[in-house]
Amino acid sequence: MAGDVVWTEEQRGKVYSTRARVNPDHLTEGLGRGPCWLAAVPPFDAAGCFAEARDKSRHDAFRGWEYAVHQVEKGARHAAPSMAALGLRAAALYRSGERPDVLDLDVEVAIAELQMQATWDAVPFWLAAEGVVWTLRAMLRLHELAHNEHKVHYDPRWQWSGTWLIETTAHASFQVAECDSSWQLLRGVLAVADEADHRAARAVAAAAFDAAPMPVKAALSFVFPDEREWADRAAEDCLAQGGGGDKVVRMLVTTAGVDWGERLVERQPGCLDEATLLTLLAREGAGAAPVLDAAMRHARGNNERLVFARHLAMIRTRDAAERLAAWQGNRRLAPLIEDYFRQAPHLEPSPSGASEPRIPAEDATAAALTELFEEYRTWYREHWVPKLLGDKGWEEEELDAEAWLDEEGWLDPTGDLSPVSEDDIAVLEARFGPLPADYRAFLRVIGTGTLLQPMEAMPGAALEPTTQNFIHPADIPGAHTVYTRWLHDGWHEENAGVADMTRMMPVMGHDGYANFALLSLQHEGDDRVHVWYHDEEPDRMDDGIPFMEFLRRMLDSARQEDPFPNGI
């Protein structure tokens, strides 16, 4: 790995393997999920792998794999003849508890597609029993079968029966390409496969690549990371389609060129995980800095931004140092940056070379906003943090409470909030029209991200803060779609002459996208805020309150441990 990147042994162990750079921990520790998965790592143990997989397979957490087999047998009466025959063969084979010496590819794939076995368990078994070339063919066939129009499961309550792929006991996906743990295992095995198997597997992938949809292209380029042209083509398709699933984008960031990586993370920065970032660093060395910097610039808040900053700080070059120095005014990132320049003082830019402040010169509104949030921050640190530190749970778990709270970002309630750029605001105004002056000032001075608020603990539960999410402009259109879907039939008629609900714009959410603070926007300059509870849908909207007054009431209620009160 490049000498201008500082690594720990733990970080090295999380990097995905390539043929040129095999990471033993990729398979034995990074992907080791017990006997079933370890049996798929050379030397193979097919019998042990299948026994383990059969015991663990689930369709329903309470019914076990037998329920899925029963559903297929029942549903075969209503399916197309070809699918019915295949489904019955798969059910009979899985019920028998045995496998033939030579596996039937279509039957094996049907077992996974019809939810009798998770891909998490099927892929290790296929690798152990038939090898990596056969397994790659099976994954491609699984994509074809998963998107057929013939449903085999018989359960009228579930429209999508027979199309979900159960990846693990907790996760499922419509897309074969998003069964990422299976592709990670394939990548690790291909990295250590003998030359003949690798060449044969690559031929299978090459034959399928051109006709494959974008997510499958991404998966194929991930398991063949030396095929940069494949990855670049998949990344180009992904961007042309407006983005992809988070797992698909992660695969592409580890394999596509840096220029494509920058554009991908600008669109979906929050999807990057530790293994993706470290694999990018291992591949590109200091050249990964532009991608990490783009992820920092487009992060939805400072807690997310801090993750990317830690990885950028692994690079010890003048370019990386200047990118970090641009964030020295950010309170959440400041300790990390100070530590970086203590360790590498020769890289610290001169003051004249530092970037301009990201927050504009304060006017009366900006000053009022700054004072309002600083007062709340002081109150939180003086009154709520001591309660968190005094929680008995820390003593029971023998943890350093303050260090853990700092790692979680719980010591500073505003630490995740970060100002928004004029470019992001311009995109939002292009969709919703001119923004009210106070809300616009809020975006530029306080910004978006997660605000922590006190909340009384449930009996027997640990004390922890709750969150309000000030929604980033890039995410507001999606939140608006969620909100407008909840408007019941007749809502517009009931509120005729009061408010055009579709014009309102979600600016803050509590409990994910469950409850919203909506900016009215009924006319230019209209900064009234309405609180929307989707599970307590009011008959009519109230008159709302001005945005600044809403912020004051919200922070006052937070001091009373009432994070999103009715009648705000």
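In the predicted model, the side chains of Asp556 and Arg559 are joined by a salt bridge with an N to O distance of 3.0 Å, a salt bridge being a side-chain nitrogen of Lys or Arg within 4 Å of a carboxyl oxygen of Asp or Glu. Both residues belong to helix α28 (residues 547-559), where they are three residues apart and therefore separated by about one helical turn; helices (H or I, at least four residues) and strands (E, at least two) are DSSP runs, numbered from the N terminus. Asp556 is partly exposed at 41% relative accessibility, and Arg559 is likewise partly exposed, with a relative accessible area of 27%, where buried means under 20% relative accessible area, exposed over 50%, and partly exposed in between (1.4 Å probe, protein chains only). Residues are numbered from 1 along each chain as its sequence is written, and side-chain values use heavy atoms, with hydrogens and water left out. Because the model is predicted, local features need pLDDT of at least 70 and side-chain atom pairs count only at pLDDT 80 or more, whereas totals for chains, interfaces and linings use all residues.

The structure holds 29 salt bridges, among them a contact between Arg233 and Asp210 in which the closest N and O atoms are 2.8 Å apart. Arg233 lies in helix α13 (residues 228-240), whereas Asp210 lies in the loop between α11 (195-209) and α12 (214-223), so that this pair ties together parts that are 23 residues apart in sequence. Of these two partners, Arg233 is partly exposed at 30% relative accessibility, while Asp210 is exposed at 56%.

A further salt bridge is formed by the side chains of Lys14 and Glu10, with an N to O distance of 3.8 Å. Here Lys14 is partly exposed, with a relative accessible area of 35%, and Glu10 is exposed, with a relative accessible area of 59%. Salt bridges also link Asp180, Lys247, Arg250 and Asp273 in a network.

Turning to the strands, β3 (residues 449-453) pairs with β4 in the antiparallel sense over five bridges, where two strands count as paired if DSSP finds at least two bridges between them. Within this pairing, Gly449 stands opposite Phe470 of β4.
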